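Please open the structure in your viewer and keep the sequence beside it, so that each selection can be found in both. The tour goes step by step, and each stop tells you what to select next.

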Amino acid sequence: MRLYHHFSLHLNFKDDVNVDDLEKHFGIKAYKKTFLKDSKGKDKTAKLWYKSKDFTDINTDESMELFVKKIYNNFKDLKDILKDNNGLANFTIYFTETHERPIIALTPTTIELLYIFFTNN
């Protein structure tokens, strides 16, 4: 049985941030970027979307740890950037195809990295 999934980190800013400059600051090419002026809908935000590769592992904890480790060093100051620019971050797991019931799990390493990531401790 296989479980097809990927992870994403969505950054949304109510302030008019330069998403190109933020992408350069983080040092990882964004999957998708939207400037505030190009945002659609009622709640307009500037956006950066980072996406992992697609995984087929049955153990989501191991693939999530790989993704978090990959982005961890690049986003060490994310909490401050979000605070300074009226921003929010969403970390998401997308199941694109399942052949059995998905299980979402976090390794101790992932929990520790996410805690440090969002608390600056």
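What follows is a walk through the sheet, then the helices, and then the charged pairs.

Before you start, note that this is a predicted model, in which local features need pLDDT of at least 70 and side-chain atom pairs count only at pLDDT 80 or more, while totals for chains, interfaces and linings use all residues. Residues are numbered from 1 along each chain as its sequence is written, and side-chain values use heavy atoms, with hydrogens and water left out.

**First stop: the sheet**

Select the strands, which, like the helices, are DSSP runs numbered from the N terminus (E, at least two residues, for strands; H or I, at least four, for helices). You will find 4 strands in an open sheet, arranged in the order β2-β3-β1-β4 with antiparallel pairing, where two strands pair if DSSP finds at least two bridges between them. The edges are formed by β2 (32-34) and β4 (87-98), each of which pairs on one side only. On average, neighbouring strands of this sheet are turned by 15° against each other, direction ignored; the axes behind such angles are lines fitted to C-alpha atoms, for helices over the stretch in contact, and angles run from 0 to 180 degrees between N-to-C directions.

Now select β1, residues 3-13, which is joined by 6 bridges to the antiparallel strand β3, residues 46-51. Is β1 mostly covered or mostly open? It is mostly covered, as 9 of its 11 residues are buried, where buried means under 20% relative accessible area, exposed over 50%, and partly exposed in between (1.4 Å probe, protein chains only).

**Second stop: the helices**

Select helix α1, residues 19-26, which lies across β1, β2 and β3 and runs at about 35° to β3.

Next, select helix α2 (residues 60-72) together with helix α4 (residues 108-119), whose axes come within 9 Å and cross at roughly 35°. To see their contact (heavy atoms within 4.5 Å), show the side chains of Asp61, Met64, Glu65, Val68, Lys69 and Tyr72 in α2, which meet Thr109, Thr110, Leu113, Leu114, Ile116 and Phe117 in α4. Sorted by class, this contact has 7 nonpolar, 2 polar and 3 charged residues, with Ala, Val, Leu, Ile, Met, Phe, Trp, Tyr, Cys and Pro counted as nonpolar, Asp, Glu, Lys and Arg as charged, and the others, Gly among them, as polar.

**Third stop: the charged pairs**

Side chains of opposite charge can pair when their charged atoms come close. A salt bridge is a side-chain nitrogen of Lys or Arg within 4 Å of a carboxyl oxygen of Asp or Glu, and by this rule the count comes to 5.

Glu65 is buried, because its relative accessible area is 16%, whereas Lys69 counts as partly exposed at 44%.

Then select Lys37 and Asp38, which meet in a salt bridge of 3.5 Å, N to O. Lys37 counts as exposed because its relative accessibility is 68%, and Asp38 counts as partly exposed at 40%.

Finally, select Asp20, Glu23 and Lys33, which are linked in a network of salt bridges.
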